[in-house]
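Trainee: I am new to this structure and would like to know what stands behind the terms used for it.
Mentor: Then ask about them in turn, with the structure in view.

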There are 2 protein chains.
Amino acid sequence: MLPRIEIVLPAWIDAFVDFERSYPSAEDRMRLAIDLSRENILRETGGPFGGAVFEAETGRLVSVGVNLVVPLNNSALHGEIVALMMAQARLQSYSLGGAALPAHELVTSCDPCAMCLGASLWAGVKRVVCGANRDDAGEIMFDEGPVFPESYEYLIERGIEVVHGVLRNEAREVLRMYAHRSGTIYNG
Amino acid sequence: MLPRIEIVLPAWIDAFVDFERSYPSAEDRMRLAIDLSRENILRETGGPFGGAVFEAETGRLVSVGVNLVVPLNNSALHGEIVALMMAQARLQSYSLGGAALPAHELVTSCDPCAMCLGASLWAGVKRVVCGANRDDAGEIMFDEGPVFPESYEYLIERGIEVVHGVLRNEAREVLRMYAHRSGTIYNG
């Protein structure tokens with residue numbers, strides 16, 4: 001009677017992502033997020049955005065996410081939200097910032113939209129690392145919503161570090177590839 | 001290997017919510033959202049927030065949501081997000097604003113946080129109706145995140161009507177009851 005919602009990553013991710021290797025640098029981590037965003041286009045399993053959650057110190061990969069809005073008919077399933085949900089499901093914790101846990105970070109192939117920026121705050125990550133920026137998303141007509149400089153300040157004041165522009169050009173190239181292939185651009 | 005996420009409403013909702021009756025006024029609709037927020041506390045199935053999606057003109061109830069953050073270990077599952085996801089699952093559409101659909105509205109027992117405000121934009125609703133406000137949530141230590149007057153203006157400029165303070169006192173009473181019972185206050 002009441003709908004049930006099931007969120008499952010595309011099947012290709014299991015073979016595509018190496019959960020055993022280490023991701024020491026911000027660039028290593030971002031390259032995974034960008035590779036996910038690109039592969040999600042090539043496999044036609046969603047929008048051009050990828051994300052991942054890591055243990056900040058060790059670089060251990062905890063979870064990944066890709067945009068699944070269109071295939072799962074769910075406008076909340078941006079790459080960041082999916083990665084954060086998957087991390088919490090894996091750790092069986094509604095916070096990635098619990099006292100018993102190591103610090104976690106969200107790495108995303110593009111600056112978060114208003115929804116995902118808010119979700120990062122509630123998820124308990126200590127750092128958000130971004131690739132392409134709001135203008136790069138806007139260039140292919142993706143709206144990031146009501147995100148202002150004060151929005152990032154709000155996170156920073158609560159102890160969340162924000163890093164922009166890691167491998168920006170590579171991340172932007174993926175967005176441009178998506179537009180070139182006439183992928184669905186959806187803003188609500 | 002990869003986690004699967006399943007989102008299911010608490011079992012009591014099936015008997016509690018009448019999907020057949022009509023909800024003509026904003027107050028009728030808000031009373032349902034508030035009743036859900038209160039019952040979610042009494043049944044101990046999550047936080048003190050409820051929401052529902054309606055067809056704006058007819059008052060037909062499409063979906064309901066309650067805060068499920070703690071029981072489902074998922075910090076994105078605010079009442080609004082759950083209601084919006086359930087509506088999209090029921091209609092099998094990633095937008096509630098499609099040309100073939102009637103206008104939809106989100107009714108929430110409390111002003112949306114930054115994440116849920118953004119989610120409302122992407123969900124395709126044409127109106128957001130709120131009960132308690134940010135200060136009422138803050139009174140019991142719930143943070144609404146980086147929501148500014150400009151955030152609401154952003155929605156309004158995109159054709160989304162926002163109505164605040166419907167049955168505010170009733171909605172606030174539920175928040176106070178939750179604090180009085182020492183419910184979990186989680187902000188990430």
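**Terms and their grounds**

Mentor: This is a predicted model. To start with the two chains, E1(A) is joined by three bridges to strand E1 (residues 5-7) of chain B, and the two run antiparallel.

Trainee: What makes E1(A) and strand E1 of chain B a pair?

Mentor: Pairing asks for at least two bridges between two strands. As one example, A:Ile7 has B:Ile5 as its bridge partner in E1(B).

Trainee: How do you know that the copies meet through the same surface?

Mentor: Because 100% of the interface residues of chain A are also interface residues in chain B. In that interface, 48 residues of chain A are in contact with 48 residues of chain B; contact here means C-beta atoms within 7 Å.

Trainee: Which elements of chain A give two or more residues to the side that touches chain B?

Mentor: They are strand E1 (5-7), helix H1 (12-16), helix H3 (79-91), helix H4 (114-123) and helix H6 (149-157) of chain A. H4(A) provides the largest share, eight residues. By class, this side of chain A has 29 nonpolar, 14 polar and five charged residues.

Trainee: Why are strand E3 and strand E6 of chain B called edge strands?

Mentor: In chain B, five strands form an open sheet in the order E3-E2-E4-E5-E6, with mixed pairing. Strand E3 (61-66) and strand E6 (161-163) each pair on one side only, and these are the edge strands. From one strand to the next, the twist averages 15 degrees.

Trainee: What makes strands E2 and E4 of chain B a pair?

Mentor: Five bridges join strand E2 (residues 50-55) to strand E4 (residues 104-110) of chain B. At least two are needed, so E2 and E4 pair. They run antiparallel, and B:Glu55 stands opposite B:His104 in E4(B).

Trainee: Which strands does helix H2 of chain B touch?

Mentor: Helix H2 (residues 26-42) packs on the sheet and touches E2, E3, E4, strand E5 (127-132) and E6 of chain B. The direction of H2 makes about 150 degrees with that of E2(B).

Definitions and conventions: Residues numbered from 1 in each chain as written. Chains lettered and ligands numbered in written order. Predicted model: local features only at pLDDT ≥ 70, side-chain atom pairs only at ≥ 80, totals over all residues. Helix = DSSP H or I, 4+ residues; strand = E, 2+ residues; numbered from the N terminus. Axes fitted to C-alpha atoms, helices over the stretch in contact; angles between N-to-C directions. Contact = placed C-beta atoms within 7 Å. Nonpolar A, V, L, I, M, F, W, Y, C, P; charged D, E, K, R; others polar.
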